[in-house]
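Subject: Structure handover and findings

Hello,

Here is the structure I promised to pass on. Please open it alongside this note, and read my findings below.

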Amino acid sequence: MRLYATVAAGGFRRHATYRVATLAGLFTNTVFGFVFSYTYIALWAERPQLGGYSMSDALAYVWIGQALITVCGLMGGGFEDELIERIRTGDIAVDLYRPADLQSWWCAANAGRSAYQLLGRGAVPLLIGAAAFGFTLPDGLSGWAAFLLAVALGSFVSFALWYLVAMSAFWLLDGQGVVQVAWLSGLFFSGMLLPLTVFPGALGEIARALPWAALLQVPADVYLGRYGDGRGLLRAYGFQLGWLALLLAAGRAAQAAATRKVVVQGG
């Protein structure tokens, strides 16, 4: 555990060195937050209570999305390109022979990255949005704690998704096609464009059952108190944990198959 804690701390420090990129991302998230906010204001003025959200809730949803876009990897996990490149060049063989578990190593590094992104690019846009539009903040420390736990679980689900995407490069000539599909799926099915509760009929039911819902829709609804407390929160966390367990298991199976492939080719 000490090894992976060190890896996580290293991931945090690594991304903390990119101060200009952080400021640029912060500016971009804030600009898009205002663009989406005024779009939502126009939409909710025509359709009050759309998707079960009040105007204030809809505006909060916008800024939660901007806060979590890098924290929960809505448009990319922040590590998959590097991992795919190591697979493409064959450097991954060295990683697989190390005594540290490959999946756990990358998970720890991603946890450090997400923690930095939450502080560097997540908190500030959310506070700017709250100051500009006056939407509701969570009730007390318990409300913030419930939200942050949902964010943490969403970040781990995101890692598990993108790790599985990266592992596909062992069997494909170029993993970028899978990355693009995952990117578009995350953009649409996470609720980044519109809350998944707005989606009609069967499409909405399917979208809310997919793992991408765990990245933004669930944390946002926890923030807004739509799950209540107690049993409702357990149901939300259970949804995230269920997908996390399934995706991590799939990633580990892919890793085991990749290890066998490397051993056969090396032998």
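How many residues apart in helix 4 are Glu 85 and Arg 88? They are three residues apart, which means that about one helical turn separates them. Helix 4 covers residues 80-89. An α-helix has 3.6 residues a turn, so residues three or four places apart point the same way. The two side chains meet in a salt bridge, at 2.6 Å from N to O. Glu 85 is partly exposed, at 37% relative accessibility. Arg 88 is exposed, at 57%.

Please keep in mind that this is a predicted model.

**Salt bridges**

The whole structure holds seven salt bridges. Side chains of opposite charge can pair when their charged atoms come close.

One joins Arg 86 to Asp 95. Their closest N and O atoms are 2.7 Å apart. Arg 86 is partly exposed, with a relative accessible area of 23%. Asp 95 is buried, because its relative accessibility is 6% and the cut-off for buried is under 20%.

Asp 101 lies in the loop between helix 5 (92-97) and helix 6, and Arg 252 lies in helix 11, so the pair ties together parts that are 151 residues apart in sequence. Asp 101 is buried, with a relative accessible area of 19%. Arg 252 is partly exposed, at 37% relative accessibility.

Is Gln 255 buried or exposed? Gln 255 counts as buried, at 9% relative accessibility. Leaving out residues up to four places away in sequence, Gln 255 touches Leu 96, Asp 101, Leu 102, Gln 103, Tyr 163 and Met 167.

Leu 210 sits in the loop between helix 9 (201-209) and helix 10. Leu 210 is partly exposed, with a relative accessible area of 22%. Beyond its neighbours within four places in sequence, Leu 210 is in contact with Phe 189, Phe 239 and Trp 243.

Gln 255 is 45 residues away in sequence and 23 Å away in space. Trp 243 is 33 residues away in sequence and 8.5 Å away in space.

**Helix 3**

Helix 3 takes in residues 55-68, 14 residues in total. From first C-alpha to last, helix 3 reaches 20 Å. That is close to the 20 Å expected at 1.5 Å a residue.

How many of the 14 residues of helix 3 are buried? Twelve are, and helix 3 is mostly covered. Among the buried ones are Asp 57, Tyr 61, Trp 63 and Gln 66. The list also includes Gly 65 and Leu 68. What covers the buried residues of helix 3? The cover includes helix 2, helix 6 (102-133), helix 7 and helix 10 (217-223).

**Ser 155**

Helix 7, part of that cover, spans residues 140-167 and holds Ser 155. Ser 155 counts as buried, at 7% relative accessibility. Its side chain makes a polar contact of 2.8 Å with the side chain of Ser 114. Not counting residues up to four places away in sequence, Ser 155 touches Val 71, Cys 72, Asn 110 and Ser 114.

**Surface patch**

Finally, the surface. Phe 27, Val 31, Phe 32 and Val 35 form a nonpolar patch there. Together they have about 390 Å² of accessible area. Val 35 lies in helix 2, residues 19-46. Val 35 is partly exposed, with a relative accessible area of 46%. Helix 2 is also among the elements that cover the buried residues of helix 3.

Best wishes

Definitions and conventions:
Residues numbered from 1 in each chain as written. Predicted model: local features only at pLDDT ≥ 70, side-chain atom pairs only at ≥ 80, totals over all residues. Heavy atoms only, no water. Patch = residues over 30% accessible without salt bridge, like charges linked within 9 Å, V, L, I, M, F, W, Y side chains within 5 Å. Areas by Shrake-Rupley, 256 points an atom, 1.4 Å probe, with all protein chains shown as cover. Salt bridge = Lys/Arg side-chain N within 4 Å of Asp/Glu carboxyl O. Helix = DSSP H or I, 4+ residues; strand = E, 2+ residues; numbered from the N terminus. Buried < 20%, exposed > 50% of the residue type's maximum accessible area, 1.4 Å probe, protein only. Polar contact = N/O pair within 3.5 Å; in protein donor to acceptor, adjacent residues only side chain to side chain. Contact = heavy atoms within 4.5 Å. Expected span 1.5 Å × (residues − 1).
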